[in-house]
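My notes follow in the order I took them.

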Amino acid sequence: MRFLIGVDLGTQGSKGALMTEMGEVVASASVEAGVNVPQPGWAEHEPESAWWGSFVDVVRQLLFKSQVDPRDVAAVNVSALMPVLAPVDETGLPLRAAILYADMRAHEELAHMNQDLGISQDREFTGQFSAELTMQDLGPKIYWYQRHEPERWQRTRYLMGAQGYVNARLTGRYTVDRNTAIGYRPFFDPATGEYDPVVCARYGIPVEMLPDLVEMTDVVGEV
């Protein structure tokens with residue numbers, strides 16, 4: 001018999017299940033994780049502990065509880081909180097704490113980008129975008145990171161999310177599924193399902209810094 005593992009990385013903790021290929025749950029597990037608030041309005045996770053460490057802990061619990069041989073696990077799936085920003089270097093190591101969706105630091109960048117992209121204060125469509133950027137979108141957070149931490153920016157290879165970070169640790173491939181990539185607005189265009197090279201160039205964001213786009217059902221690598 002072969003088995004499947006699914007792990008969901010959350011804001012306050014992570015949980016997972018080990019099940020048969022028919023969907024029968026054999027074991028479940030969960031761990032807690034804390035949100036760091038280094039300044040009022042900021043919200044951060046340490047990727048190595050809150051994401052990778054939690055993933056490893058959950059999987060170890062699942063294997064221990066079920067007594068399933070790891071060689072009998074056919075597939076692993078990771079879902080995660082989004083949108084979040086974790087810049088990593090060329091070796092995949094995080095360059096700073098991850099900026100979470102609830103983080104409010106990028107007010108200036110949000111206002112500037114909305115005005116710059118042709119969206120009026122009354123949300124009347126006046127340019128390329130028909131929907132106003134919000135504080136949860138990664139665009140203003142990426143712009144904040146670029147403006148305020150230039151030394152780290154110069155060392156950045158990929159701008160990752162939580163799901164992609166763990167998948168990269170497992171497989172060595174830096175990816176994001178297109179549903180999750182919506183959080184990268186305005187650098188990702190939901191209408192085309194691709195990154196927008198014009199908007200990326202406007203803000204000095206190399207498209208190569210953004211993770212490879214895949215579908216939710218794609219196998220992104222092997223463990």
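**Entry 1: Arg 147 and its surroundings**

I started at Arg 147, which lies over the face of Tyr 143, at 5.6 Å from the ring centre. The model is predicted, so I read all of this as computed geometry. Arg 147 also forms a salt bridge with Glu 109, with 2.7 Å between the closest N and O atoms. That pair links distant parts of the chain, since Arg 147 is in helix H3 (residues 138-148) and Glu 109 is in helix H2 (residues 107-116), 38 residues apart. I then checked accessibility for both partners. Glu 109 is buried, at a relative accessible area of 1%, whereas Arg 147 is partly exposed at 44%.

I noted that Tyr 143 belongs to a cluster, in which ring pairs link it with Phe 187 and Tyr 203. I found another arginine placed over a ring: Arg 157 lies over the face of Tyr 158, at 4.2 Å from the ring centre.

**Entry 2: other salt bridges**

How many salt bridges does the structure hold? I recorded 14. Side chains of opposite charge can pair when their charged atoms come close.

I looked up Asp 8 and Lys 15, whose side chains meet in a salt bridge at 3.1 Å, N to O. Asp 8 counts as partly exposed at 24% relative accessibility, and Lys 15 is partly exposed with a relative accessible area of 48%.

Next I took Arg 178 and Glu 215, which form a salt bridge with their closest N and O atoms 3.0 Å apart. This pair also links distant parts of the chain: Arg 178 is in helix H6 (residues 178-181), and Glu 215 is in the segment after strand E12 (212-214), 37 residues apart. Glu 215 counts as partly exposed, at 39% relative accessibility. I also wrote down a network in which salt bridges with shared partners join Glu 44, Arg 96, Asp 103, Arg 105, Glu 149 and Arg 152.

**Entry 3: aromatic pairs**

I turned to the rings and noted nine aromatic pairs in the structure. Trp 144 counts as buried at 7% relative accessibility.

I then looked up Trp 51 and Tyr 165, an edge-to-face aromatic pair at 5.8 Å centre to centre, with 65° between the planes. Trp 51 lies in helix H1 and Tyr 165 in helix H5, so this pair ties together parts that are 114 residues apart in sequence. Are the two residues buried or exposed? I have both Trp 51 and Tyr 165 down as buried.

**Entry 4: helix H5**

The buried residues are Ala 162, Gln 163, Gly 164, Tyr 165, Val 166, Asn 167, Ala 168 and Leu 170. Just after H5, Gly 172 takes a positive phi of about 85°.

I looked across to helix H1 again, where Gly 53 lies. Gly 53 and Val 166 are 113 residues apart in sequence, and their C-alpha atoms are 9.5 Å apart in space. Gly 53 is partly exposed, with a relative accessible area of 30%.

**Entry 5: the largest pocket**

Last, I looked up the largest pocket, which holds about 1100 Å³ of space. Of its 45 lining residues, those closest to the centre are Val 76, Asn 77, Val 78, Asn 167 and Leu 170. Strand E1 (3-9), helix H1 (47-66), strand E5 (73-80), H5 and strand E9 (175-177) each supply at least two lining residues. Which element gives the largest share of the lining? I have E5 for that, with eight residues. By class I listed 29 nonpolar, 12 polar and four charged residues in the lining.

How values were computed:
Residues numbered from 1 in each chain as written. Predicted model: local features only at pLDDT ≥ 70, side-chain atom pairs only at ≥ 80, totals over all residues. Heavy atoms only, no water. Buried < 20%, exposed > 50% of the residue type's maximum accessible area, 1.4 Å probe, protein only. Helix = DSSP H or I, 4+ residues; strand = E, 2+ residues; numbered from the N terminus. Salt bridge = Lys/Arg side-chain N within 4 Å of Asp/Glu carboxyl O. 1 Å grid on protein atoms, 1.4 Å probe; cavity = no way out; pocket = protein on both sides within 12 Å on 5 of 7 lines; lining within 4 Å. Points joined across faces, edges and corners; volume = space filled by probe spheres on them. Nonpolar A, V, L, I, M, F, W, Y, C, P; charged D, E, K, R; others polar. Phe/Tyr/Trp six-rings, centres within 6.5 Å; stacked < 30°, edge-to-face > 60°. Lys NZ or Arg CZ within 6 Å of the ring centre and 35° of its normal.
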